[in-house]
Amino acid sequence: MSTDAESPAATSNGVRAARRALDILSLLRSTRPTLTLKIVLEETGLPRTTALRLLETLQQAGLLWASGRNTYVAGPTLLRWSELAAQGWQLPEGTRETMREIADRTGETVSVYIRSDVHRICIAAEESPQALRHVPHIGTEQPLWVGSPAKVLLAAAPESLLPRVAALSPWGEAHLPTLRQWRADALRDGYSVSHGEREDGQSVAAAPVVDSHGETLAALSIAGPTARFTDEHVQDFLRELFALATQMSSASFENSPALRYRQD
């Protein structure tokens with residue numbers, strides 16, 4: 001007897017294959033735009049035959065493009081997807097202009113982060129004009145277990161999320177009390193400042209962007225070398241953040257395509 005419904009085993013195999021294909025695509029980075037079969041085998045642990053089959057499928061879908069024998073670059077389908085993503089996550093031009101002005105005034109990088117489950121993602125940034133500066137990675141998942149933007153986002157997240165975030169940290173469950181304290185501090189202060197938590201020599205100040213109901217939509221941050229984050233400068237940075245956060249909390253920003261996204 002036949003049935004239109006897939007068996008649990010078939011569904012499981014399909015999900016596993018899709019996950020493996022996504023794992024291969026995730027190996028592409030701005031610092032490594034070309035993949036080789038050797039890289040795929042070493043970093044995914046897949047059998048050679050499975051890796052070759054998935055690479056062929058990704059090529060057929062236009063997600064990868066063979067640029068030589070067993071060498072691959074991002075395919076043309078990703079060009080179309082990246083354009084769609086850019087349109088969907090584009091911030092209002094007025095917001096981007098203000099971010100650029102703040103980056104010029106402060107000499108530091110201004111970024112916007114949203115929470116995606118147990119990670120944070122930078123969706124926009126204007127880099128510092130100085131040679132020594134923080135360079136954000138747009139669209140890349142980053143940890144929620146450290147850093148000022150993470151603390152601001154955790155302040156608005158359910159407390160039940162904290163054990164899952166702690167489990168991903170290098171300290172495991174032992175990090176949970178620290179996360180709870182950081183969350184409480186960010187809730188009390190309405191902002192967060194960190195020094196050298198994610199990277200030695202890097203400091204970050206962050207403040208929440210809220211909607212008309214007081215719900216946190218994003219974390220706005222200014223980041224740069226710790227040597228430039230004196231107490232006086234940090235106070236200036238926070239004033240800039242609060243002013244921009246107020247602008248971004250307007251109805252026009254709340255209704256922008258980028259932040260129609262909901263985290264839970």
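What percentage of the 264 residues of the protein chain count as buried? The share is 44%, where buried means under 20% relative accessible area, exposed means over 50% and partly exposed lies in between, with a 1.4 Å probe and protein chains only. Please keep in mind that this is a predicted model: local features need pLDDT of at least 70, side-chain atom pairs count only at pLDDT 80 or more, and totals for chains, interfaces and linings use all residues. Residues are numbered from 1 along each chain as its sequence is written, and side-chain values use heavy atoms, with hydrogens and water left out.

**View 1. The whole protein chain.** Welcome to the overview, with 10 helices and nine strands in the protein chain. Helices (H or I, at least four residues) and strands (E, at least two) are DSSP runs, numbered from the N terminus. Along the principal axes, the C-alpha atoms fill a box of roughly 70 × 40 × 35 Å. Among contacts with a separation of 6 or more, 54% join residues 24 or more positions apart; a contact means heavy atoms within 4.5 Å.

View 2. Two strands pair if DSSP finds at least two bridges between them. In general, the strands of a sheet pair through backbone hydrogen bonds, either parallel or antiparallel.

**View 3. Strand β5 and its two partners.** Follow β5 here: seven of its eight residues are buried, leaving the strand mostly covered. On one side, seven bridges link β5 to β4 in the antiparallel sense. These two strands form a hairpin with two residues between them, and Asp117 in the turn has a positive phi of about 55 degrees. Arg115 stands opposite Arg120 in β5. β5 also pairs with strand β6 (residues 141-143), again in the antiparallel sense, over three bridges. There, Gln142 is the bridge partner of Arg120, and Ile121 stands opposite Glu141.

**View 4. The largest pocket.** An opening with a volume of about 1,400 Å³ is the subject here. On a 1 Å grid over the protein atoms alone, a pocket is an open set of points with protein on both sides within 12 Å along at least five of seven lines, a cavity is a set where a 1.4 Å probe fits but cannot get out, and lining residues have an atom within 4 Å of a point. Grid points are joined across faces, edges and corners, and a volume is the space filled by probe spheres set on the points. Of the 30 residues that line the pocket, Leu28, Ile138, Gly139, Thr140 and Glu141 are the closest to its centre. Two or more lining residues come from each of α1 (8-25), α4 (76-89), β4 (109-116) and β5 (119-126). With seven residues, α4 gives the most. By class, the lining has 17 nonpolar, nine polar and four charged residues. Ala, Val, Leu, Ile, Met, Phe, Trp, Tyr, Cys and Pro count as nonpolar, Asp, Glu, Lys and Arg as charged, and the others, Gly among them, as polar.

View 5. β4, β8 (202-210) and β9 (216-225) each give two or more residues, and the largest share, three residues, comes from β4. The lining divides into four nonpolar, nine polar and four charged residues.

View 6. β1 is joined to β3 (residues 71-74) by three bridges, and Thr36 stands opposite Thr71 in β3.
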